Amino acid sequence: MKKGRFGIFGGQYVSELLMPVLIELEEAFDRICPTEDFQRRFRGLLRDYGGRPTPLYYAQNLSGLVGFRVYLKREDLLCGGSHKLNNSLGQALLASRMNKKRIITETAAGQHGVSAAMAGNIVGLETEIFMGVKDMERQESNVKRMRLLGGRVTPVTTGYGLLKDAVSDTLREWTTSSRTTHYLMGSAVGPHPFPMIVATFQSVIGEEIKAQVLEKDGGLPDAIVACGSGGSNAVGAFRPFIEEKDVRLYFIEGGGESLDADNCAAAFALGRPGVLHGAVMQILQDEHGQIKPSRTRASGLNYPGRGPEISHLCQTGRVKAGYAFDRDVFEAVRVMCRTEGLIPALETAHAIAYVLKNKEDFDRDDVVVINYSGRGDKDLDLIFRHSEDKQ
Ligand SMILES: *Cc1c(COP(=O)(O)O)cnc(C)c1O
């Protein structure tokens, strides 16, 4: 397979100005990342700062409810409250070894912006975060966290003021400042080498799952379920299992209110391949090829494109794509709170909702791992507003 290509997906569809920058980044990643020095520092930070390995928790009460064994891979316990730090630490470390002075990035729910600001501080780099104005309203507490951490939050008013627009603005900014600046891409999207870099740093999730489930349950899991949009937590969890054909893999997107609502984010159900932000991806678009904005309640699932690797895995059938509707997502939050005493991020709740709604996909003696990508503290306002609306 050609570098940076996953079947028909991937590639580098960028302006000539960015090509040398992408080549420099790929060369630096290939040279620096495998060194013992880099790996020791990266693994050390993941362990002592991030709190890895995150536990694999046997959710006994949830298992009793659904009728098969469910384990939660507790990425919510990673410092910062989601899986994002794995990638941010890796890329920030890479940026500092490349002698960059500054990190720029984009964020939607704010989880990635927070982790980028944390990682930037650790390696001593200034961090600027582009964030759509709509997302800033919805994720106020994360805006405060980023600012407290010293990150400069730049509101994006172009387009719909959402993540897609923030990515476009960050890419534009990078074109003019790449000599001193690293773009810390937040998900497994964008032009090569970003999807490869992000997936590599996130693969620690899947490596740990493999070892932990073997130790706790004596074998491989029967299924792994992950939510996503760009696909970084999903690909990270799936990577070490892709050749294990007996392990079923499920990728769950935001269904919004319904498949024909304009807030639906189910790109595998409704979209088709196209070019966005420098790569061929599965994309939510209308019949004229215009990107359709999705507005699922979970900001982190609102990116209209699916990264090249997850796009390919779903297109070839290795990964089954599914979706969860908002009402089932809020119900999954309630179930999770009541059974296990855990408040999941709305994004994460999509994976849980899928399992609750599609029990027939799983057998009685199945072992199912849900990649529990983040915690719901950032979503409390949305969760309460939803339960008030219902009364
Ligand atoms: C960002 C985020 C996601 C979605 O991003 P992916 O790159 O698809 O993983 C999912 N869950 C949580 C908690 C997030 O913060």
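From which domains does the lining of the largest cavity draw at least three residues each? It draws them from domain 1 (12-46 + 83-199) and domain 2 (51-81 + 203-390), with bounds from an automatic or database domain assignment. The model is predicted: local features need pLDDT of at least 70, side-chain atom pairs count only at pLDDT 80 or more, and totals for chains, interfaces and linings use all residues. Residues are numbered from 1 along each chain as its sequence is written, and side-chain values use heavy atoms, without hydrogens and water.

A cavity is a set of points on a 1 Å grid over the protein atoms alone where a 1.4 Å probe fits but cannot get out; its lining residues have an atom within 4 Å of a point. Volume is the space filled by probe spheres set on the points, which are joined across faces, edges and corners. The largest cavity holds about 380 Å³. Its lining has 34 residues, and His83, Lys84, Ser187, Ser229 and Gly300 lie nearest the centre.

The second largest cavity holds about 60 Å³. Among its lining residues are Tyr160, Asp165, Lys292 and Pro304. Both domain 1 and domain 2 give residues to this lining, so the second largest cavity lies between them.

An open, parallel sheet has 4 strands in the order β7-β6-β5-β8. Strands are DSSP runs of E with at least two residues, and helices are runs of H or I with at least four, numbered from the N terminus. Two strands pair if DSSP finds at least two bridges between them. β5 (residues 102-107) and β8 pair over 3 bridges. Ile104 stands opposite Tyr183 in β8.

Key. On a 1 Å grid over the protein atoms alone, a cavity is a set of points where a 1.4 Å probe fits but cannot get out, and a pocket is an open set with protein on both sides within 12 Å along at least five of seven lines; lining residues have an atom within 4 Å of a point.
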